[in-house]
Amino acid sequence: MKATETPPAVAATDPAPVSKSPAPGGKKAEKGSEGKTLNVFSHGVLIIWAILVVLPLLWAVMSSFKTDDSILSTPWKLPDKLHFENWSRAWSQAHMSDYFFNTIVVVGCSLIGTLLLGSMAAYVLARFDFPGNRFIYYLFIGGMSFPIILALVPLFFVMNNMGMLNTRHGLILVYIAYSLPFTVFFLTSFFRTLPGSVAEAAMIDGASHTRTFFQVMLPMAKPGLISVGIFNFLGQWNQYMLPTVLNTDPNYRVLSQGLVELATSQGYKGDWSGLFAGLVMAMLPVLAAYIIFQRQVVAGLTAGAVK
């Protein structure tokens, strides 16, 4: 029996497999959508944070121009009339003018002393190698971690024995010592980023170390000085613990003590409008200093990180 031959199978004409490569721009679109989502989330957090910070400030300013009755009855309502007598009463009767003057003298002198001594110490630690350099540097860093509350009692007796208790110059020296560790730590890193060739050129031209520091290196460190100066200004202006312990004389009280005195001396009178006026007086210099020097603060912080 002869087997029949089967015809050759016809090749199947299947369509070519379709590649599943993503469409052009697909990954970019996904990254773009993720970036937009993250951008919206971050802006939302910043807006909420700004509301939490700005709203109490605006409420304090608004309350400083209202009467006591309107503050208690309608706290969120705008004042029907600007009562500037609240500011004059807080300035004169509550002695805010004296507290303001004492604070300007103490903070101004201590800030100048802190920046001068801190910059000199930081320049030496950053530019010169000598035995004990790192040990002194770490001593300053250790001073940042030391809680000031533990030194209040011995500091009180030291100031009393030196005859500087209840004096402006005694409080100035304490403020300088309190602010020096952070100032030296901040400016040491900043001076290390400055080019050493400029100082070498000044030394070749015959300039002494003192002249090189004050006329060459210190002007170059202006952004860092402004940044650390703003931080020290905020800390010293709002300082309450040190003047409360070391400055009990009513004639030399600073603003933080004056505000507490204004709040506690009211008793049942409830001069809330005068209290808010004094509070705004204490806030205005800090806000003005930061608004004026905000660009320099950012420049100083970034300049210390980029060489």
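## The largest pocket

About 470 Å³ of space lies in the largest pocket of this predicted model. Grid points are joined across faces, edges and corners, and the volume is the space filled by probe spheres set on the points.

The lining comprises 22 residues, and I148, A177, Y178, S179 and P181 lie nearest the centre of the pocket; a lining residue has an atom within 4 Å of a point. Two or more residues come from each of α5 (133-145), α6, α7 and α10, and α7 gives the most, with seven. Helices are DSSP runs of H or I with at least four residues, numbered from the N terminus. By class, the lining holds 17 nonpolar, five polar and no charged residues. Here Ala, Val, Leu, Ile, Met, Phe, Trp, Tyr, Cys and Pro count as nonpolar, Asp, Glu, Lys and Arg as charged, and the others, Gly among them, as polar.

## Basis of the model

Residues are numbered from 1 along each chain as its sequence is written, and side-chain values use heavy atoms, with hydrogens and water left out. As this is a predicted model, local features need pLDDT of at least 70 and side-chain atom pairs count only at pLDDT 80 or more, whereas totals for chains, interfaces and linings use all residues.

The largest nonpolar core has 26 residues, of which W87, A90, M96, F233, W237, L255 and M281 touch the most other members. Such a core is a set of buried Ala, Val, Leu, Ile, Met, Phe, Trp, Tyr and Cys residues joined through side-chain atoms within 4.5 Å. At least two residues of this core are supplied by each of α3, α4, α10, α12 and α13, and the largest share, eight residues, comes from α13. A second, separate core of 18 residues includes A126, F186, F191 and A202.

Within helix α12 (residues 255-264), L255, S256, Q257, G258, L259 and L262 are buried, that is, under 20% relative accessible area, with over 50% counted as exposed and values in between as partly exposed (1.4 Å probe, protein chains only). The buried residues of α12 pack against α4, α10 (222-237), α11 (241-246) and α13 (272-292). Leaving aside neighbours within four places in sequence, L255 is in contact (heavy atoms within 4.5 Å) with M96, Y99, F100, T103, W237 and A282.

## Aromatic pairs

The structure holds 16 aromatic pairs. Rings of Phe, Tyr and Trp (its six-membered ring) pair if their centres lie within 6.5 Å; planes under 30 degrees apart count as stacked, over 60 as edge-to-face and the rest as tilted. F156 and F157 form an edge-to-face pair, at 5.6 Å centre to centre with 85° between the planes. F156 is partly exposed because its relative accessibility is 27%, and F157 is partly exposed at 48%. One aromatic cluster is formed by Y123, F128, F191, F213 and F214.

## Loop residues with positive phi

H95 is in the loop between α3 (85-92) and α4 (96-127). Phi of H95 is near 60°, a positive value in a residue other than glycine. H95 counts as partly exposed because its relative accessibility is 42%.

N166 lies in the loop between α6 (152-161) and α7 (168-193). Phi of N166, a residue other than glycine, is likewise positive, near 60°. With 22% relative accessibility, N166 counts as partly exposed.

Conventions: On a 1 Å grid over the protein atoms alone, a cavity is a set of points where a 1.4 Å probe fits but cannot get out, and a pocket is an open set with protein on both sides within 12 Å along at least five of seven lines; lining residues have an atom within 4 Å of a point.
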